[in-house]
Amino acid sequence: TGAIGLYNIGQSCCLNSVLQVFLMNIHFTRILRRITVPRHTVQKRKNVPYQMLLLLEEMQCGKQKAVSPMDLAYCLSAHRVKLFVQHDAAQLFLTLWNLVKRQMEEPELVEKLIDLYTVCVQECVACQKCFFETKRNSNMVTLPLPVLDSNSYMLKTLEDCLQCFLHPEELTDQNMCFCEQCGRKTPVLQRTKLVHLPQTLTIHLKRFCFEKSAYIHKLSHYLPFPQDLDFNALLTENQCQADDNEKATWQYELFAVVAHSGSTSYGHYCAYIRSLTECKWYCFNDSEVCQVSWDDVKCTYGHSKLHWGQTAYLLIYMKKHPQ
C-alpha cells in the first residue's frame, strides 16, 4: 500500500509527519525520482533530495512496518536543522521544501517543484487620499490563514479564515504608508488577491500566536474544514486576479492533515493522509500506521477543552481537475 511508518529517533514526530506528507504525494515523488544522483559519497550524505529518495525506496522496497529516517536526519543537521528538538511543522515544511529546491541541479525539475506547490498572490495598496494604487505579486509555499479575526474572535470555519485573510485592511495613524503621488504618508487600504493556486495547496492554520507577554499560546478551538474546497464558490471578483481558465481549476480535495496535540512547550505530531492510489485514509503516527475513516480525520477539528486532543495545523489539498 505504500503506507510505511517512520521510527521516532528522538523527538522526530514532526519530521516524520512532514516527510510522510511529501513522500505520499505521487506528484512530488515523480519529480524526486528524476534527480541526478550526486557523484561523491560526501555529496550524497549532504544532498537532501537524494537522501529523501533513498528513504522513499527503502520504504517501498522493504518488508518492515517502519524504517528509520536517521540518515536523512543527519543530512538535515548538516544544513542547520537541529536534531532531537521540537520543531514547528509549518516551519519545517518550508525548510525541507527550500532545501530540496536549492539542491536540485535540473532547472526543469526545480520549475516543476515550484509549479507543484507555489501560491501566487497580488498585494494591492491604495492611497485613501488620491487613490493611487501600487500592485506587487509575491509567491508563497504555504497559505497562512488566521484562526482569529481582527478583533481576536475565534473564526468558525475554514471559509471564514480565508475571507479574513483576503479582507481589506485600512492602515491609519502610525501604520500609514508613503504615497508617491501625495509625497507624504497617508492612510491606505491594503488587500490581498489570489493570482495562482498550485496542484498541491498547503494551508497553514495559524494556531500558535503571541500574547502581549510574548508567551506563545496555542488556539485549539473547533474549526471544521471540508473534504472538497471550491474557491470559485467562495471568492468574489475583488478577491482574485486570475483568468477564467485558471479559476476553473480551483477545485480541491483534501489530501492530508498534519495534526498537533499537546501544548506549545510539549506536544506531538501525526499525519492523516489519503492514499492517492487507494483513496483510503491512513494515520501515520511515527512507526505506527493504520487505516482510518473520515470521522477519525474530523477529530482534528479541535476542541479548546481537550488539551491533548489532536488539532489540525497543516491542511494539504490536491486539485481535482489540473490543467
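This is a walk through a predicted model, from overall form to single residues. Numbering starts from 1 along each chain as its sequence is written, and side-chain values use heavy atoms, without hydrogens or water. Local features need pLDDT of at least 70 and side-chain atom pairs count only at pLDDT 80 or more, while totals for chains, interfaces and linings use all residues.

Start with the whole. The protein has 11 helices and 18 strands. These are DSSP runs, numbered from the N terminus: helices are H or I with at least four residues, strands are E with at least two. The radius of gyration is 21 Å, close to the 20 Å that the globule rule gives for 323 residues, so the protein is as compact as a globular protein of that length. That radius is taken over C-alpha atoms, and the rule is 2.2 Å times the number of residues to the power 0.38. Along the principal axes, the C-alpha atoms fill a box of roughly 65 × 50 × 40 Å.

Next, the surface and the contacts. The accessible surface comes to about 16500 Å² (Shrake-Rupley method, 1.4 Å probe). Carbon and sulfur atoms account for 49% of that surface. Of the 323 residues, 49% are buried. Buried means under 20% relative accessible area, exposed means over 50%, and partly exposed lies in between (1.4 Å probe, protein chains only). Contact means heavy atoms within 4.5 Å. Among contacts between residues at least 6 apart in sequence, 66% join residues at least 24 apart.

Now the domains. The protein is divided into domain 1 (1-118) and domain 2 (145-170 + 199-322), with bounds from an automatic or database domain assignment. Their centres, taken over C-alpha atoms, are 22 Å apart. How many residues of each domain are in contact with the other? Domain 1 contributes 29 and domain 2 contributes 30. The size of an interface is often given as the accessible area lost when the parts come together. Here the area buried between the domains is about 2300 Å², a loss summed over both parts with a 1.4 Å probe. Carbon and sulfur atoms give 64% of it. Val21, Met24 and Gln86 supply 22% of the area that domain 1 buries against domain 2, more than any other three residues.

Look inside. A nonpolar core is a set of buried Ala, Val, Leu, Ile, Met, Phe, Trp, Tyr and Cys residues joined through side-chain atoms within 4.5 Å. The largest has 57 residues. Phe22, Phe28, Val48, Met52 and Tyr117 have the most contacts inside it. This core draws at least three residues from each of domain 1 and domain 2. Another core lies apart from it, with 40 residues, among them Val119, Trp250, Tyr252 and Tyr317.

Finally, three loop residues. Serine 12 sits between strand S1 (5-6) and helix H1 (13-23). Serine 12 is buried, at 5% relative accessible area. Beyond neighbours within four places in sequence, serine 12 contacts Tyr7 and Asp286.

Most residues other than glycine have a negative phi. Arginine 80 has a positive phi, near 65°. Its loop joins helix H5 (70-77) and helix H6 (89-103). Arginine 80 is exposed, at 81% relative accessibility. Cysteine 279 also has a positive phi, near 60°. Cysteine 279 lies in the loop between strand S15 (267-274) and strand S16 (281-285), and is exposed at 55%.

Terms used:
Buried area = accessible area lost by both parts, 1.4 Å probe.
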